[in-house]
Amino acid sequence: MQKLVVLNDEDITRLLPRTDVRAALERMFIALADGRAVQPPQTLSLFPAGGGDFITYPGVLGSDGVFGTKLSPYIPGTNGAIVTAWTLLMSMETGKPLLLCDSKRLTTERTAATTAIAADLLASREAKILTIIGTGEIGLAHLRHAASIRPWQEIRLCSPDIANRHGLPVQLESGCPVTTSTYTDTAAAGADVVMLCTSSGTPVIDASRFGAGVLVTSISTNVANAHEIAPDTLNRFDVYCDYRATTPAAAGEMKLAAERGQWSTDRLVGDLPELLSGRATARDTGRPAFFRSIGLGLEDIATASALLSAARS
């Protein structure tokens, strides 16, 4: 009988270079499109007396013969909140646990890889300028994963504290220059792809300024109804998401826009299972596009399964 594998953050860091996260996610999204995977909704559970909460991200990846969940708690404290995450992977054959792993770095990589998949599918083939807003670990992971999806001529990194950030790249291996900026609207002006990679719960950029052909991507944070663009700007975009069955109920700008009658879920053009399986309508580049990711349990399960294979080999 195979033993339960336990991986800490150092183990994950060691295994990631041997793990093709993007390929694992693409296989998972195609399995989801073909009915070989199941993605239940994520759930938010509150601790008593306002003591915090945790989000449960479940998933069943039949193509790999595994199921499991990620648990991500938010625990307020006098020195700031504690945010952790652990993923449990179990066998569909034996019902026994296969892997327990620290999910912090895993989550960062699968979030960035998911965005890169969407950007590769949705960005103009002639895209030359990439702007990444947010230069924390997730922003820099987006840079790593997106660096090769187009022959970029310029990449712009932007955050309010950019002057205090050390060790940021000044160019890619291709020779493409990497510039920095403090102001989001300045950094986004003229960009072909804008990746929002912040932990903000409120808009970080004026999305009404984006014109035809531009792609904007956005991720999630634990803040209630978090959104990086204003809900009332959604109707300007062709809107895509990671999974249409669950994302609109969790993405802050979609929830708020729908409640206010400013947008409806039937206007979603496509999701990643549909795009990767060729079932989504082709993008109309006469309008800007918006891709929203909330982070799926299946993304964690697929990445954990790939890491387990790397650990066993």
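**Close-up views of cavities, pockets and helix packing**

View 1. A search of the whole structure finds 1 cavity of 30 Å³ or more. The model is predicted: local features need pLDDT of at least 70 and side-chain atom pairs pLDDT 80 or more, while totals for chains, interfaces and linings use all residues. Residues are numbered from 1 along each chain as its sequence is written, and side-chain values use heavy atoms, without hydrogens or water. On a 1 Å grid over the protein atoms alone, a cavity is a set of points where a 1.4 Å probe fits but cannot get out; a pocket is an open set with protein on both sides within 12 Å along at least five of seven lines; lining residues have an atom within 4 Å of a point. Points are joined across faces, edges and corners, and volume is the space filled by probe spheres set on them. The largest cavity holds about 40 Å³ of space. Its lining consists of Gln39, Pro40, Pro41, Gln42, Tyr57, Thr246, Ile294, Gly295, Leu296 and Gly297. By class, this cavity lining has 5 nonpolar, 5 polar and no charged residues (nonpolar: Ala, Val, Leu, Ile, Met, Phe, Trp, Tyr, Cys and Pro; charged: Asp, Glu, Lys and Arg; polar: the others, Gly among them).

**View 2. The second largest pocket.** This pocket contains about 200 Å³ of space. Its lining is formed by 13 residues, and those nearest the centre of the pocket are Leu143, Arg144, Ala147, Leu172 and Glu173. The lining of the second largest pocket divides into 7 nonpolar, 3 polar and 3 charged residues.

**View 3. Helix α3 against helix α4.** Helix α3 (residues 104-122) packs with helix α4 (residues 137-146) at an angle of about 45°, and their axes lie 8 Å apart. α3 is therefore oblique to α4 (angles under 35 degrees are roughly parallel, over 145 roughly antiparallel, 65 to 115 roughly perpendicular, the rest oblique). Helices (H or I, at least four residues) are DSSP runs numbered from the N terminus; axes are lines fitted to C-alpha atoms over the stretch in contact, with angles from 0 to 180 degrees between N-to-C directions. From α3, Lys104, Thr108, Glu109, Thr111, Ala112, Ala113, Thr115 and Ala116 meet Glu137, Ile138, Ala141, His142, Arg144, His145 and Ala146 of α4 (contact means heavy atoms within 4.5 Å). The residues of this contact comprise 6 nonpolar, 5 polar and 4 charged.

**View 4. Helix α2 against helix α3.** The angle between helix α2 (residues 21-33) and α3 is about 70°, with 9 Å between their axes. α2 is therefore roughly perpendicular to α3. Val21, Arg22, Leu25, Glu26 and Phe29 of α2 meet Glu109, Arg110, Ala113, Thr114, Ala116, Ile117 and Asp120 of α3. Their contact has 6 nonpolar, 1 polar and 5 charged residues.

**View 5. Helix α2 against helix α8.** α2 also packs with helix α8 (residues 297-312), at an angle of about 130° and with the axes 9 Å apart. This angle makes α2 oblique to α8. On the α2 side the contact is made by Val21, Ala24, Leu25, Met28, Phe29 and Leu32, and on the α8 side by Leu298, Glu299, Ala302, Thr303 and Ala306. The contact of α2 with α8 consists of 9 nonpolar residues, 1 polar and 1 charged.

**View 6. The surroundings of Thr184.** Thr184 belongs to helix α5 (residues 184-188). Neighbours within four places in sequence set aside, Thr184 is in contact with Ile133, Cys158, Val204 and Ile205. Val5 is 179 residues from Thr184 along the chain, and the C-alpha atoms of the two are separated by 43 Å.

Note on methods: Helix = DSSP H or I, 4+ residues; strand = E, 2+ residues; numbered from the N terminus.
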